[in-house]
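This report walks through selected local features of one protein model. Please keep the sequence and the structure at hand while reading.

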Amino acid sequence: MTDVLIILFDYSGTFAFSVSGALAAAEKKLDLFGALFLGFVTAIGGGTTRDMMIGNTPVSWLQDPVYFYIIVAAVGLTFLFTNTILRFPKALFLFDTIGISVFTIIGIQKGLHAGIHPPLAVMMGILTAVMGGIIRDVLCNEIPLIFHREIYATACLAGGVFFVLFVFLNMPESFTALIAAGVIFTIRSLSVRKGWALPRFK
């Protein structure tokens with residue numbers, strides 16, 4: 001992907017996850033500090049874990065202060081317009097799904113550039129996408145979405161495999177990234193709407 005597209009993906013994912021963290025705080029009726037804290041850990045949890053695993057330190061959000069301002073702005077806007085946003089019952093779902101769609105591709109791309117084997121890079125992408133949400137849900141005393149019966153990480157896996165496959169077929173990486181993120185968003189959305197789920201242990 002071009003550097004500009006990488007940055008746009010990363011910033012948009014950071015904004016989306018910050019909003020999802022703030023919305024989770026709103027549902028738990030936390031104060032502004034609680035909303036900021038949840039916004040931060042949701043937005044940076046996955047990327048921080050990824051960067052530490054591949055030895056990219058200081059981690060990306062410490063190297064670029066724009067992440068800080070995006071998170072503060074996203075949480076502030078959510079705090080100001082909470083009542084308007086919460087009129088849409090799927091708001092948290094929407095922003096969380098945008099976040100995992102974008103961060104999966106960012107994680108894979110950074111894994112590939114670090115020389116990680118492609119299947120492991122896909123796992124790196126999934127970790128980048130879901131870790132922030134896991135921390136958010138645990139702090140809110142909720143079962144993390146990744147452990148729900150509905151399809152969540154599986155959507156990231158499908159989009160990630162699509163991305164890696166087409167990269168190695170020498171398809172334009174920027175175009176492939178956009179399509180792969182769309183695949184994740186579509187699978188996740190359809191799975192919730194139609195009740196798709198993976199088999200469970202009996």
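## Helix H8

Helix H8 covers residues 153–168, and its 16 residues should span 22 Å at 1.5 Å a residue; the end C-alpha atoms lie 23 Å apart, which agrees. The model is predicted, and the distances here are computed from it.

Which residues of H8 are buried? They are Ala153, Ala155, Cys156, Gly159, Gly160, Phe163, Val164 and Val167. Viewed down the axis of H8, these buried residues fall within an arc of 160°, so they line one face of the helix. As background, an α-helix has 3.6 residues a turn, so residues three or four places apart point the same way. The buried residues of H8 pack against H6, helix H7 (118–139) and helix H9 (173–194). Just after H8 comes asparagine 170, with a positive phi of about 65°.

## Threonine 97 in H6

One of the helices that the buried residues of H8 pack against is H6. Helix H6 runs over residues 91–113 and contains threonine 97. Is threonine 97 buried or exposed? Its relative accessible area is 0%, so threonine 97 is buried, the cut-off for buried being under 20%.

Leaving aside residues up to four places away in sequence, threonine 97 touches Phe185, Arg188 and Ser189.

## Helix H2

Helix H2 (residues 32–54) has 23 residues. From its first C-alpha to its last, H2 reaches 33 Å, close to the 33 Å expected at 1.5 Å a residue.

What caps the N-terminal end of H2? Aspartate 31 does: one of its side-chain oxygens lies 3.2 Å from the backbone nitrogen of phenylalanine 33. After H2 comes glycine 55, which has a positive phi near 80°.

## Aromatic pairs

Searching the whole structure gives 5 aromatic pairs.

How accessible are the two partners? Phenylalanine 68 counts as partly exposed because its relative accessibility is 41%. Tyrosine 69, at 56%, counts as exposed, since the cut-off for exposed is over 50%. Ring pairs also bring in Phe40, linking Phe40, Phe68 and Tyr69 into a cluster.

How values were computed:
Residues are numbered from 1 along each chain as its sequence is written. This is a predicted model: local features need pLDDT of at least 70, side-chain atom pairs count only at pLDDT 80 or more; totals for chains, interfaces and linings use all residues. Side-chain values use heavy atoms; hydrogens and water are left out. Helices (H or I, at least four residues) and strands (E, at least two) are DSSP runs, numbered from the N terminus. Buried means under 20% relative accessible area, exposed over 50%, partly exposed in between (1.4 Å probe, protein chains only). Contact means heavy atoms within 4.5 Å. The expected span of a helix is 1.5 Å times one less than its number of residues. A polar contact is a pair of N or O atoms within 3.5 Å; within protein, one must be able to donate a hydrogen and the other to accept it, and residues adjacent in sequence count only if both atoms are side-chain atoms. The arc is that of the directions from the helix axis to the C-beta atoms. Rings of Phe, Tyr and Trp (its six-membered ring) pair if their centres lie within 6.5 Å; planes under 30 degrees apart count as stacked, over 60 as edge-to-face and the rest as tilted.
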